[in-house]
Amino acid sequence: QGARGYLELHGEEQLLKYKLALENLSLDSKDLVADFGCGIGLFLKVVEGRVGGVVGLNLSLEELKRAKDLVGGSAHLVQGDIETPPFREEVFTYIFSFTVLHHFKGVPEKILSLKRFAKKGVVVSILRRTGAEREIREWIKDIKGVRVIDNRSVKDILVILPLTSPFPGG
């Protein structure tokens, strides 16, 4: 199956999520962005020409090899755990994480742990109709400037959390 099988099954929906996220941000050639849980690197491929640099973090070495095949040398690929990312604080302009965090308990805490690596914000997609979606919707009620994109064409909701306002619990 590999990358081609994944793209055939999920590529169109993933690309729509990326488009929705990117339409709601202002990225430029000075920005360094990271995709935590980058999988086979599809988002890295989409965003690479819009920013100064892209970094993909993934636990699976096999998926990182597929990402390297897809993006070539244009992205820095790092094998590592999303729970203990091997990066300095505030090194990235934005952290992205698509369809990953709902697999963890305590999604707000996971987002809080990721925000320390970002200068401007964190963008996550959460599978709709999960406990994680309800948890996130309740948690973000008190965050100013947060945007929730709930496009029914995709299975996830997108949450864009700017770092300009204090986060509850963090």
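The questions below concern the sheet, its strands and the residues packed around them.

Visitor: What kind of model is this, and which pLDDT is needed for side-chain atom pairs to count?

Guide: Residues are numbered from 1 along each chain as its sequence is written, and side-chain values use heavy atoms, with hydrogens and water left out. This is a predicted model, in which totals for chains, interfaces and linings use all residues, local features need pLDDT of at least 70, and side-chain atom pairs count only at pLDDT 80 or more.

Visitor: What is the order of the strands in the open sheet of 7 strands?

Guide: Strands (E, at least two residues) and helices (H or I, at least four) are DSSP runs, numbered from the N terminus. Two strands pair if DSSP finds at least two bridges between them. The edge strands, each pairing on one side only, are β3 (76-79) and β6 (147-149). With mixed pairing, the order is β3-β2-β1-β4-β5-β7-β6.

Visitor: By what angle are neighbouring strands of this sheet turned against each other on average?

Guide: Axes are lines fitted to C-alpha atoms, for helices over the stretch in contact, and angles run from 0 to 180 degrees between N-to-C directions. For neighbouring strands of this sheet, direction is ignored, and the average is 15°.

Visitor: Is β1 largely enclosed or open, and how many of its residues are buried?

Guide: Buried means under 20% relative accessible area, exposed over 50%, and partly exposed in between (1.4 Å probe, protein chains only). Strand β1 is largely enclosed by the rest of the structure, because the buried residues number 4 of the 5.

Visitor: What is the handedness of the β-α-β crossover from β1 to β2?

Guide: A crossover is right-handed if, with the strands pointing away from the viewer, the path from the first strand over the helix to the second runs clockwise. Here the chain passes through helix α2 (residues 42-47), and the crossover is right-handed.

Visitor: Is N58 buried or exposed, and which backbone nitrogen lies 3.3 Å from a polar atom of its side chain?

Guide: N58 is found in strand β2 (residues 53-58) and is buried, because its relative accessibility is 8%. Contact means heavy atoms within 4.5 Å; leaving out residues up to four places away in sequence, N58 touches residues including G37, E63 and V78. The backbone nitrogen in question belongs to C38.

Visitor: Which residues touch the most other members of the largest nonpolar core?

Guide: A nonpolar core is a set of buried Ala, Val, Leu, Ile, Met, Phe, Trp, Tyr and Cys residues joined through side-chain atoms within 4.5 Å. The largest has 29 residues, and the elements giving two or more residues to it include β1, β2 and α4 (107-115). The residues asked for are F36, F92 and I111.

Visitor: Against which elements do the buried residues of α4 pack?

Guide: The buried residues of α4 are V107, P108, K110, I111, L112 and L114. The elements they pack against are β1, β4, β5, α5 and β7.

Key
Polar contact = N/O pair within 3.5 Å; in protein donor to acceptor, adjacent residues only side chain to side chain.
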